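Thanks for coming. I will go through one structure today, starting with its elements and a pocket, then the domains and the core.

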Amino acid sequence: MAYQTINPYTNQVEHEYQQTTDEEIEQTLTAAHALYLKWRNGGELAERKQIITRLGELLRERKHELATIMTHDMGKLIGESEGEVELCASFCDYYVEHADQYLAPTPIYTESGNGYVLHQATGILMAVEPWNFPFYQIARVFIPNFLAGNPMVLKDASNCPTSAQAFADLVKEAGAPEGSLTNLFVSYDQVGAIIADKRVQGVCLTGSERGGQAVATEAAKNLKKSTMELGGNDAFIVLPDADIDELASIIYSARLYNAGQVCTSSKRFIIPDNLYDEFLERAKEIFSSVKMGDPMDPSTTLAPMNSEKAKRKLQKQVDLAIANGAKVVYGNQPVDLEGQFFMPTILTNITKDNPIFDQEMFGPVMSVYKYHDVQEAIDIANDSSYGLGNTVFAKNVSEARKVAAQIDTGMSWINSGWASLPELPFGGVKHSGYGRELAEQGFRSFINDHLVYEPEN
Ligand code: NAP
């Protein structure tokens with residue numbers, strides 16, 4: 001497996017990395033396990049908090065330099081990369097502030113005696129992460145688990161190796177001992193062997209359904225706890241009373257941020273018939289006004305996709321949609337730039353028998369559905385194998401809340417596109433996966449809630 005940075009704006013190979021050997025994996029697991037043994041009963045939490053505080057400082061001090069690495073790896077706009085570095089720094093602040101509280105024993109009082117639950121580390125975590133938010137994806141599992149006392153080994157996407165290594169190097173520079181976070185350039189088989197190792201106690205993956213199934217199978221075979229953060233086909237339901245100007249102001253970020261390559265991007269816009277024509281006009285205006293170009297240029301507003309492979313896959317999906325009756329309202333034209341650009345595209349007339357109806361399109365493609373009554377909108381939103389997030393947009397917020405509660409997803413946003421903050425639990429249901437990252441729920445994903453009970457005689 002080739003770990004390479006191929007800049008998707010220039011198509012140039014900028015960095016290549018050697019595959020990690022089995023001996024290096026063994027050394028990594030030995031060092032990580034030794035740390036776990038030191039940390040499992042709460043040892044050195046104060047030191048770990050200092051290291052994470054320093055990590056936050058380094059992220060802020062080096063924001064532009066680190067953001068540039070991500071932009072070269074997978075093409076995202078430099079401003080978006082800088083925002084991602086800042087978000088990771090905010091995770092440092094949040095978990096340092098909350099670690100003591102989350103790890104404090106919980107007392108239990110019963111009629112037959114008293115006890116308490118210790119919240120302890122469980123062991124090494126194997127993290128398999130994607131390319132679309134190269135730092136954020138690592139940070140959201142590494143920071144809480146390091147504080148909890150779980151060392152982490154990382155297999156990152158093969159197309160953003162420079163970002164993964166830069167993050168691991170920064171953790172080391174912040175003072176983390178060897179074995180705290182080790183970035184490995186490993187094959188799928190080596191991932192399986194790591195999961196099978198008895199020192200490894202947890203497995204987390206963010207990625208596609210295909211990758212999730214493969215890694216979750218390895219975890220299940222070895223009885224290792226896992227969390228899966230998988231794809232989404234998020235609905236954006238507009239209610240009939242929505243203000244069209246306010247709505248228009250969030251369409252770009254809801255669909256085109258990160259060139260549309262966000263698991264929680266709104267992918268299916270479900271619009272009432274009273275607003276449908278105007279919505280399409282506004283969406284066309286927004287899609288046609290983007291500026292494609294160098295992602296390092298702050299005036300660029302639409303980045304290339306992360307790789308040639310991803311662009312080819314998206315084009316195939318759009319072709320499939322059209323071959324099965326979808327109508328192109330805007331876009332789907334070749335882009336005269338050498339990078340992996342995909343023209344923002346708006347599709348309508350996707351019927352339930354269209355094979356694309358239940359597929360995630362991971363790029364700048366919006367599907368628009370028309371509805372007549374609100375129940376129909378809820379039914380369209382729920383008619384999906386996925387259940388990651390959704391948005392409900394309306395003037396009447398209490399109506400929006402009622403609708404949000406009826407959508408089968410792990411997250412809902414009212415009058416906003418998707419968002420991720422350290423205090424908001426992140427994750428889905430159905431084929432979008434299981435378990436949560438971030439917030440207190442995410443912090444507890446790989447904790448042993450260890451009961452100690454003292455019955456009265
Ligand atoms: P992917 O192919 O599943 O890759 C994700 C990671 O899994 C990569 O590191 C990949 O390594 C690895 N991987 C894939 N198959 C594997 C296997 N059999 N054994 C071990 N490792 C394996 O996902 P992607 O298509 O690049 O990423 C985009 C997907 O991620 C989208 O569906 C998106 O919605 C989802 N996503 C979800 C969330 C969330 O929080 N729910 C967040 C971001 C993205 P290689 O690169 O070497 O193949």
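A word on naming: helices (H or I, at least four residues) and strands (E, at least two) are DSSP runs, numbered from the N terminus. This is a predicted model, where local features need pLDDT of at least 70, side-chain atom pairs count only at pLDDT 80 or more, and totals for chains, interfaces and linings use all residues. Residues are numbered from 1 along each chain as its sequence is written, and side-chain values use heavy atoms, with hydrogens and water left out.

Take the second largest pocket. At least two lining residues come from each of α1 (22-39), α6 (161-173) and β7 (181-184). The largest share, five residues, is from α6. A pocket here is an open set of points on a 1 Å grid over the protein atoms alone, where a 1.4 Å probe fits, with protein on both sides within 12 Å along at least five of seven lines; lining residues have an atom within 4 Å of a point. The volume, the space filled by probe spheres set on the points, joined across faces, edges and corners, is about 430 Å³. Of the 20 lining residues, Q165, E178, L181, T182 and N183 are closest to the centre.

Now the domains, whose bounds come from an automatic or database domain assignment. Domain 1 covers 3-230 + 432-452 and domain 2 covers 235-421. Their C-alpha centres are 30 Å apart. In contact, meaning heavy atoms within 4.5 Å, are 26 residues of domain 1 and 30 residues of domain 2.

Finally, what does L59 touch, leaving out residues up to four places away in sequence? The list is L66, V85, C88, A89, C92, F135 and L170.
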